[in-house]
Amino acid sequence: MDNHLIRFQEKKFLFIDFETFNLALHDSLNLPWQVAAIYIEAEDNGNGKIVNKEICRHDIYLKWDTDLKIGKEAKRITGYSETNFRQKCIPEEEGFKTIYDLVESCDYIVGHNVLGFDIFLLRNWYRKHGKPYKHLTSKVLDTLSIARSINLGYQYKSSECSMLEFQMKMLGIRKKGMRTSLGALGKSHDIKHDYAKLHDALVDLELNLKVWDKLKYQIDF
């Protein structure tokens with residue numbers, strides 16, 4: 001009866017997160033220096049249960065032809081190391097090829113506040129390489145929006161609006177004392193994780209995947 005719900009379907013999920021020079025949304029002011037991705041296939045384990053199978057993961061440091069520099073506060077929060085970056089970085093066009101293939105092949109793009117931030121960076125990147133991008137937002141599952149809806153007791157009804165419209169509405173809601181950051185959600189669900197290393201893109205995604213596996217049973221998507 002509930003086979004229409006995402007949690008019961010065999011789908012492909014791309015968890016994605018960017019770390020950036022600052023918090024601006026336009027690529028003339030801000031660019032990502034790190035992008036991490038974890039690609040998951042949800043599949044039937046043979047006993048009627050849907051389980052996650054990790055297909056691949058990437059932790060990519062991006063070198064751009066730009067004069068933009070990472071800010072001091074961003075360095076502090078993310079633990080940015082110039083030495084580490086120079087050792088690992090690749091031309092952004094190489095990184096784009098990898099991420100583009102993953103985005104185009106997945107059924108859903110999952111991230112925390114991806115509708116409020118990361119999707120803008122992804123669309124800017126697509127536009128830079130001449131790729132159509134209008135389809136991207138319809139593939140998004142934003143765990144921040146979903147967590148807010150659960151916290152506030154709002155249930156999604158497909159007869160009233162699309163998943164995207166519902167998530168955008170939830171993203172715009174602010175309520176004092178609502179703890180829906182990725183770290184707060186992990187702790188509230190008793191998820192074991194190295195919380196001291198959050199704000200590294202790949203570490204964030206590892207927690208994001210665990211959080212999604214909790215939230216998906218609390219929302220009728």
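## Reading the features

Tutor: The structure holds 15 aromatic pairs. One of them is formed by Y156 and F221, and it is edge-to-face, with 5.0 Å centre to centre and 90° between the planes. Keep in mind that this is a predicted model.

Student: Which parts of the chain does the pair of Y156 and F221 link?

Tutor: Distant parts, 65 residues apart. Y156 is in the loop between α5 (143–152) and α6 (163–171), while F221 is in the segment after α8 (201–215).

Student: Are Y156 and F221 buried or exposed?

Tutor: Y156 is buried, and F221 is buried too.

Student: Which residues do ring pairs link into a cluster?

Tutor: The cluster is made of F18, W64, F96, Y100, W125 and Y126.

Student: Over the face of which residue does K187 lie?

Tutor: Over that of Y195, with 5.2 Å to the ring centre.

Student: Let us turn to helices. What span should helix α3 have?

Tutor: Helix α3 covers residues 92–105, which is 14 residues, and at 1.5 Å a residue it should span 20 Å. The C-alpha atoms at its ends are 20 Å apart, so the two values agree.

Student: Which residues of α3 are buried?

Tutor: First the general idea. An α-helix has 3.6 residues a turn, so residues three or four places apart point the same way. In α3, the buried residues are E92, G95, F96, I99, L102 and V103. They cover an arc of only 135° around the axis, which puts them on the same side of α3. K97 and D101, on the other side of α3, are exposed.

Student: Against which elements do the buried residues of α3 pack?

Tutor: They pack against the strands β1 (12–20), β2 (32–44), β3 (50–63), β4 (90–91) and β5 (108–111), and also against α4 (114–128).

Student: Which residues are buried in α6?

Tutor: M163, F166, Q167, M170 and L171. Seen down the axis of α6, these buried residues fall within an arc of 135°, so they line one face of the helix. They pack against β5, α4, β6 (140–142) and α5.

Student: How should I think about a nonpolar core?

Tutor: In soluble globular proteins, nonpolar side chains tend to be buried together. Here the largest nonpolar core has 35 residues, and V35, I99, V103, I109, L122 and W125 touch the most other members. The elements that give two or more residues to this core are β1, β2, β3, α3 and α4. The largest share, eight residues, comes from α4. Apart from this core lies another, of 33 residues, among them I6, A42, I50 and A147.

Student: With which residues is I109 in contact, leaving aside its neighbours within four places in sequence?

Tutor: With L14, I16, V103, L122, L136, K139, V140 and L141.

Student: What should I look for in the backbone angles?

Tutor: Most residues other than glycine have a negative phi, and most peptide bonds are trans. N113 has a phi near 65°, a positive value in a residue other than glycine. N113 lies in the loop between β5 and α4, and counts as partly exposed because its relative accessibility is 25%. D190 also is not a glycine, and has a positive phi of about 55°. D190 is in the loop between α7 (182–188) and α8. With a relative accessible area of 69%, D190 is exposed, since the cut-off for that word is over 50%.

Student: Where does T66 lie?

Tutor: In the loop between β3 and α1 (72–78). T66 counts as partly exposed, at 27% relative accessibility. Not counting residues up to four places away in sequence, T66 touches F21 and L31. T66 and N30 are 36 residues apart in sequence, and 9.9 Å apart in space, C-alpha to C-alpha.

Student: Where is D213 placed?

Tutor: In helix α8. At 24% relative accessibility, D213 counts as partly exposed. Along the chain, D213 and N52 are 161 residues apart, and their C-alpha atoms are separated by 9.3 Å.

Methods. Residues are numbered from 1 along each chain as its sequence is written. This is a predicted model: local features need pLDDT of at least 70, side-chain atom pairs count only at pLDDT 80 or more; totals for chains, interfaces and linings use all residues. Side-chain values use heavy atoms; hydrogens and water are left out. Rings of Phe, Tyr and Trp (its six-membered ring) pair if their centres lie within 6.5 Å; planes under 30 degrees apart count as stacked, over 60 as edge-to-face and the rest as tilted. Helices (H or I, at least four residues) and strands (E, at least two) are DSSP runs, numbered from the N terminus. Buried means under 20% relative accessible area, exposed over 50%, partly exposed in between (1.4 Å probe, protein chains only). A charge sits over a ring if NZ of Lys or CZ of Arg is within 6 Å of the ring centre and within 35 degrees of the ring normal. The expected span of a helix is 1.5 Å times one less than its number of residues. The arc is that of the directions from the helix axis to the C-beta atoms. Contact means heavy atoms within 4.5 Å. A nonpolar core is a set of buried Ala, Val, Leu, Ile, Met, Phe, Trp, Tyr and Cys residues joined through side-chain atoms within 4.5 Å.
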